Amino acid sequence: MKRLSYFLHLLLLTVLTSASSCDKNSPPPAECPQVRRAPAEFLAYWYFPTGSYWVYHKRGANPAEVDTVTVIGTEVRVFQPGFNTYGLPTCTELYDYALQHSNRRYFPGTSSNNGFRGLESLQTQEEGGQWFVTQESRAANLSPLGFLWSYPQRPVGQPIANQGPILLDTLPVRVPAGTFNRSVHLRIPFLDDSARVDYLYSYHLTRGIGTTRRVYANLGTWELTSYYLAPK
């Protein structure tokens, strides 16, 4: 068995060496001369290291209802020129982000792989100097949000993207975890029948903290009570 393994390894090495020598006259694959990076001001509202978590309590619930949202994965992708980008830009850092809910009663998942906990996935887009992050809910009962935040920040009263949430105000938000001044308040103008679908109706994002309040159509208001931001 050891001799066979050695033979296969030697054969693979020979093939790779041969292929390399045959391609000596081929032009090298194109590489990005430079990579565009998302502004720190944009990332500060929603992008945090793996292991960070936020604890929310449902307002008025008796007994108490708690939901801990945890960052379970992050990834930064850069598409090189000539690659299939699926419509996304090349030479640009694109961020993938995964969150997991702990409360299975209000945010149930659809897979036993994560204990039937609800998931959220976030992805970035960049177009003409505009940065966007979109959110997809993977909880069994929630409608996906779509656009979550954009940069540069749009004026109060305007949508942050075409058919996206409206920026209502930039006033401080007061929740059990404290009063946070660097906050934005957004509302989703969904026209769905709220009697038949659950969706995020409005929310507050706080710079350097993340989501501080969430108001759902049928699931109540969830406010931040404590949080932990993992070191970068």
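About 60 Å³ of space lies in the second largest cavity. A cavity here is a set of points on a 1 Å grid over the protein atoms alone where a 1.4 Å probe fits but cannot get out. Volume means the space filled by probe spheres set on the points, with grid points joined across faces, edges and corners.

This is a predicted model: local features need pLDDT of at least 70, side-chain atom pairs count only at pLDDT 80 or more, and totals for chains, interfaces and linings use all residues. Residues are numbered from 1 along each chain as its sequence is written, and side-chain values use heavy atoms, leaving out hydrogens and water.

Select the lining of this second cavity: Glu120, Gln135, Ser137, Leu142, Ser143, Pro144, Leu145, Tyr199, Leu200, Arg214 and Tyr216. Lining residues have an atom within 4 Å of a point.

Next, the largest cavity, about 180 Å³. Of its 19 lining residues, Leu99, Glu120, Leu148, Thr211 and Arg214 are the closest to its centre. Colour β1 (53-58), β3 (94-101), β4 (119-127), β11 (200-206) and β12 (210-216): each gives at least two residues to this lining.

Last, the largest pocket, about 170 Å³. A pocket is an open set with protein on both sides within 12 Å along at least five of seven lines. Select Ala40, Leu43, Ala44, Tyr47, Phe48, Pro49, Gly208, Leu229, Ala230 and Lys232 to show its lining.

Definitions and conventions
Helix = DSSP H or I, 4+ residues; strand = E, 2+ residues; numbered from the N terminus.
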